[in-house]
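Here are some notes for a colleague who is opening this structure for the first time. Please keep the model in view while reading the numbered points.

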Amino acid sequence: MTSTTTTTRPPARSAPRPGAPRPPSPARRGAAGARWSSRAVANLVVALSALYALLPLLWLVLASAADTQALFASDFFGLDDFALVDNVRALLAEGDGIYLRWYGNSLLYAVGGAAVGALVSTAAGYAFDKYEFTGKRQLFALVLVSVMVPATVLALPMYLLVSRIDMANTLWSVLVPVLFNPFGVYLGRLFSAAYVPGEVLEAARVDGAGELRSFWSVGLRMLGPGYVTIFLFQLTAIWNNFFLPLVMLSDEALYPLSLGLYSWNAAAPINPDYYPLMVIGSLLALLPLVVAFLLLQRFWRSGLTAGSVK
């Protein structure tokens, strides 16, 4: 008797229809999961960093609206203790309006010094980039070395120099030292190489423009984003400068905000009424920097991008 063996074949897979989405492969699903995990970790780190940076500002805003008792008790959420207007009035009335004098001094030192200093740095960087002269490499190496020298190290020698010419305890003793910024010169050279083609300057010289006219009419206009970037760096550094005014100035009427608030902080343990004045004064001191960055941020971003690419 003959037995017949039947072989069962697996059913053939049906071909996917044209245009139907294919299921992702395991390798592709693993890569997508890894990308999602990396993005989640990056977002978490950014969120924690932003929270770490914003918490002091949030505390400053809340403390500025509290009276002295609520400030010492850290009770910033009671509507009965809201005293923002009273704190501002007390701040402006203290010392016959000395805070406004300090504010004006800081604006003069920071805005004036940053505007002139950024122009000097931009012009020096332009010269280092576009011209060949004896000792160019050595001078630029000296500029780079100067970047690594802390400003506090130079404060005492500069005080001795300005004392010899009877310029100590004046506005000029704070303004003149901040006009030269080695890091700004370095950035100015980078921006000049990135923004100002040599062919444009050659065309300006062919048209009869001199070197100064080429810089003012052509080079400086093309270096606008670089100038704004250097200006913002110097504005922030001068506005927050503390040690140089501390060494140079002894007249309270010439103090900038940083030194004036420090003097109130020194007197606060004796007179606690200075604590709310320091808090609201510190909050108002942030406004010029915030306004400057908001108004000039597009120039600043483009300038930093060009400098980093170069």
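1. Ser121 counts as buried, because its relative accessibility is 0% and buried means under 20%. Please keep in mind while reading that this is a predicted model.

2. Ser121 has its place in helix α4. When neighbours within four places in sequence are left aside, the residues in contact with Ser121 are Asn181, Gly184, Val185, Gly188, Ile230 and Gln234.

3. Two packed helices are described by the angle between their axes and the distance between the axes. For helix α4 (residues 98-130) and helix α11 (residues 224-239), the angle is about 145° and the axes lie 8 Å apart. The crossing in which α4 passes α11 is right-handed, and the residues of this contact comprise 15 nonpolar and 6 polar ones, with no charged residue among them.

4. Helix α5 (residues 136-147) is made of 12 residues, and the distance from its first C-alpha to its last is 17 Å, which is close to the 16 Å expected at 1.5 Å a residue.

5. Which residues of α5 are buried? They are Lys136, Phe140 and Val143, and they lie on the same side of α5 because they cover an arc of only 50° around the axis. On the other side of α5, the residues Arg137, Gln138 and Leu142 are exposed.

6. As for what covers the buried residues of α5, the cover includes α4 and also α8 (182-195).

Terms used. Residues are numbered from 1 along each chain as its sequence is written. This is a predicted model: local features need pLDDT of at least 70, side-chain atom pairs count only at pLDDT 80 or more; totals for chains, interfaces and linings use all residues. Side-chain values use heavy atoms; hydrogens and water are left out. Axes are lines fitted to C-alpha atoms, for helices over the stretch in contact, and angles run from 0 to 180 degrees between N-to-C directions. Helices (H or I, at least four residues) and strands (E, at least two) are DSSP runs, numbered from the N terminus. A crossing is left-handed if the near helix is turned anticlockwise from the far one by less than a right angle, and right-handed if clockwise. Ala, Val, Leu, Ile, Met, Phe, Trp, Tyr, Cys and Pro count as nonpolar, Asp, Glu, Lys and Arg as charged, and the others, Gly among them, as polar. The expected span of a helix is 1.5 Å times one less than its number of residues. Buried means under 20% relative accessible area, exposed over 50%, partly exposed in between (1.4 Å probe, protein chains only). The arc is that of the directions from the helix axis to the C-beta atoms. Contact means heavy atoms within 4.5 Å.
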